[in-house]
Amino acid sequence: MTAIALALCRAGFEAEAAADLAAIARTARASIEVDPTRGAAFVVARLPRHDRAAWRRAVTVRPPVFLRSHFTGSGPHLIAVGASTRPDRIAPLVAALAALAASPEHAAPWLAPWIEFADTNEGKALSTLARALDGRLASALRERGLVAGAAARRPHVFLVDGTTSYVGTSEAGTGSTWPLGIPRFALPRAAPSRSALKLAEAITVFLGDRTDALLHMGQAAVDLGAAPGGWTWQLVARGLQVTAVDNGALAPALARDPNVEHVRADGLKWRPRRPVDWLVCDIVEQPVRIASLVADWIATGTARNAIFNLKLPMKRRHDEVERCAALIRDRLDAAGIDATVAFRHLYHDREEVSGCVLRRR
Ligand SMILES: C[S@@+](CC[C@H](N)C(=O)[O-])C[C@H]1O[C@@H](n2cnc3c(N)ncnc32)[C@H](O)[C@@H]1O
């Protein structure tokens with residue numbers, strides 16, 4: 001059976017997801033066949049010739065932007081066998097996963113399996129089946145010694161429908177943070193806008209287990225395009241002092257907060273008197289203008305780190321992100337600044353991507 005890579009994405013972003021997989025394949029010198037279906041919210045790529053170790057390295061070197069969750073493995077597998085009213089799906093899934101475990105690239109022990117499906121109406125109709133299979137599959141894999149407590153790899157089952165699935169594994173650290181790549185964050189009542197969840201997701205995805213070291217009480221932040229204040233609220237909740245720049249109004253409670261200074265100004269031109277630890281920016285502008293702005297703040301030492309959003313209404317969204325990433329890297333290289341530059345199409349992002357620049361020193 002031909003090896004596959006399977007990736008989940010937001011519906012409508014299949015071409016971008018396919019471009020991400022093709023870029024990983026180029027870096028890994030793998031051959032790839034991919035023909036994305038618009039609106040499917042997932043992409044399957046056939047990998048007739050690939051080296052899993054090289055693929056894994058390529059994912060680390062060139063992290064995908066538009067993939068919510070992704071793995072390499074095998075399929076499609078027919079998973080509903082036996083009496084059609086109550087087919088046994090566990091046995092064929094265990095067999096497919098056990099066959100993978102026999103190859104060194106996918107070797108167990110594994111973390112608990114994730115059962116995933118597309119983020120579409122048809123996909124969501126599979127959530128009850130996924131829940132029913134979840135515990136039973138984990139027990140069956142544990143009995144076979146394939147799932148153990150601590151492990152570096154996670155097995156995935158992707159349900160295409162009730163009878164067909166793909167299986168595979170991802171590496172902890174380069175896979176998704178959540179099943180389906182969907183965080184389950186509740187919006188706190190006090191948050192002025194749903195955008196607060198976008199920054200919460202960006203912090204989790206980009207900072208991970210370094211969050212407390214990198215973003216903490218006592219730091220100063222600037223929020224460009226802050227109104228009504230979801231991002232500012234998120235930073236204040238973490239103990240930061242925030243200058244919120246926007247000609248629009250902040251939510252009244254936030255405007256009264258002693259840790260918030262509201263500046264009515266053009267965020268594309270305004271600069272603070274003293275350098276700050278964090279720049280966050282959610283201004284709706286051309287992506288290249290925002291990328292240049294962020295690069296300028298970091299290159300001049302005006303801010304140490306940044307989280308920002310690039311609005312992507314154009315067709316060539318993948319190319320536009322690459323262009324902005326190159327622009328920021330070039331500017332920081334020229335200034336002799338050692339930093340990581342990362343982009344992700346987060347679950348809470350719509351026609352946009354989130355970016356993060358973190359100085360290493
Ligand atoms: C998407 S909203 C920001 C939402 C905000 N992050 C939140 O969590 O509530 C974009 C904001 O950018 C502001 N904006 C647009 N152009 C701006 C500029 N040049 N300078 C400052 N703010 C700007 C708008 O007034 C608007 O409030």
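Reply: Start with a definition: two strands pair if DSSP finds at least two bridges between them. Helices (H or I, at least four residues) and strands (E, at least two) are DSSP runs, numbered from the N terminus. This is a predicted model, in which local features need pLDDT of at least 70, side-chain atom pairs count only at pLDDT 80 or more, and totals for chains, interfaces and linings use all residues. Residues are numbered from 1 along each chain as its sequence is written, and side-chain values use heavy atoms, with hydrogens and water left out.

Now the sheet. Strand β5 and strand β6 (residues 153-159) run parallel, joined by three bridges. Within this pair, glutamate 116 faces phenylalanine 158 of β6. Both strands belong to an open sheet of seven strands. Its order is β2-β3-β1-β4-β7-β6-β5, and the pairing is mixed. β5 (114-116) is an edge strand, as is β2 (31-34). Each of these two pairs on one side only. On average, neighbouring strands are turned by 30° against each other, direction ignored. Axes here are lines fitted to C-alpha atoms, for helices over the stretch in contact, and angles run from 0 to 180 degrees between N-to-C directions.

α1 (residues 14-28) lies across β1 (3-8), β2 and β3 (42-49). Its angle to β3 is about 25°. Contact means heavy atoms within 4.5 Å.

Next, the wider protein. It has 11 helices and 14 strands. Of its 361 residues, 54% count as buried (under 20% relative accessible area; exposed is over 50%, partly exposed in between; 1.4 Å probe, protein chains only). The C-alpha atoms fill a box of roughly 70 × 45 × 35 Å along the principal axes.

Last, the nonpolar cores. Such a core is a set of buried Ala, Val, Leu, Ile, Met, Phe, Trp, Tyr and Cys residues joined through side-chain atoms within 4.5 Å. The largest has 37 residues. Leu224, Phe308 and Val357 are among those with the most contacts inside it. α10 (287-299) is one of the elements giving two or more residues. The largest share, eight residues, comes from α10. Domain 1 (3-181) and domain 2 (195-359) both contribute, so this core lies between them. Those bounds come from an automatic or database domain assignment. A second, separate core has 35 residues, including Ile4, Ala96, Tyr166 and Val167.
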